[in-house]
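Here is a short report on sheets, strand pairing and core packing. Look over the model first, then read on.

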Amino acid sequence: MFFRCGFVGAMALTTFAQGNILVNGDFENMPNFGAGINRDPGYTLLTGTDIPNWTIVDGYGATVHNTVLYPTISGNFSINTDGEGYNGHNINMYQDFATSANQAYELKFDWKNWYEASTPLLRISVEDAATNSVVVEGYYGILAGLHSETLNFVGTGGALRVRISHSPESGYNDNTFIVDNFAVEAVPAPGAAGLLSLGALAAGRRRRR
Ligand SMILES: [Ca+2]
Ligand SMILES: [Ca+2]
């Protein structure tokens, strides 16, 4: 009987202790800082696949701040989503990740304002990577302080895509939003949590005998 309880416990760890599914969601792996198409000692404008594990859409740029001159959120690097207004655009970049069908997930990230341009809104979305249909999205404007957001969604069994963009765009170097610490994690289903509780209860009863 104890062996079976141990097995249930091990299964629970395997299922629920996956951690962050995204890679480089904190932007700390930044080998091309200082080598972008625009830069000073405090920022670099990057394009294409310059940020490992992320894809910057053709024609768009992503501004990276280090801690020397401009605001960051945590670690050595954060993203300024204005993209310097490169080609008249703000940021548009994404990362794809695999999902299990019907599995609940959370997307978490942090943002804050620097300048307070009224035009652009930060848009964070999860889309189907194959069809581009929106699974969940959030829009963020001017609000004092550091904000930790959570967007909830359900897996499709296929690849989903986290996208960081502005909608609407300002189209210029507005310096309005700093973002960092993107993470996707699987959430235990209520049924599975109930099963765990029953298992713990049963294990406790057996131990008391
Ligand atoms: Ca960071
Ligand atoms: Ca900027």
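What is the order of the strands in the open sheet of five strands? The order is 3-6-11-8-9, and the pairing is antiparallel. The model is a predicted one.

Strand 3 (55–56) and strand 9 (134–140) stand at the edges. Each has a single partner strand, so one side of each is left without a neighbour in the sheet. Two bridges hold the antiparallel pair of strand 3 and strand 6. Here I56 stands opposite M93 of strand 6.

Strands of a sheet pair through backbone hydrogen bonds, either parallel or antiparallel. Several pairs in this sheet can be followed residue by residue. Strand 1 (residues 38–40) pairs with strand 2 in the antiparallel sense, over three bridges. R39 faces T44 of strand 2. The two strands form a hairpin, with two residues between them. Strand 2 is also joined to strand 4: four bridges link them, and they run antiparallel. In this pair Y43 stands opposite H65 of strand 4. Strand 5 (residues 78–80) pairs antiparallel with strand 12 over two bridges. The bridge partner of N80 is I178 in strand 12.

## Strand 2, side by side

Which residues of strand 2 point one way, and which the other way? Y43 and L45 point one way, whereas T44 and L46 point the other way. All four are buried. In a regular strand the side chains alternate between the two faces of the sheet.

## The largest nonpolar core

The largest nonpolar core holds 36 residues. Among these, A62 and V64 touch the most other members. Seven strands each supply at least two residues of this core: strand 2 (43–46), strand 4 (62–65), strand 6 (92–98), strand 7 (104–113), strand 8 (122–128), strand 11 (159–166) and strand 12 (177–187). Strand 12 gives the largest share, five residues.

What does V64 touch, not counting residues up to four places away in sequence? Its contacts are F27, M30, F33, Y43, T44, L46, F77 and I79. In soluble globular proteins, nonpolar side chains tend to be buried together.

Terms used: Residues numbered from 1 in each chain as written. Chains lettered and ligands numbered in written order. Predicted model: local features only at pLDDT ≥ 70, side-chain atom pairs only at ≥ 80, totals over all residues. Core = buried A, V, L, I, M, F, W, Y, C linked by C-beta atoms within 7 Å. Buried ≥ 20, exposed ≤ 12 C-beta atoms within 10 Å, placed from the backbone. Contact = placed C-beta atoms within 7 Å. Pairing = 2+ DSSP bridges.
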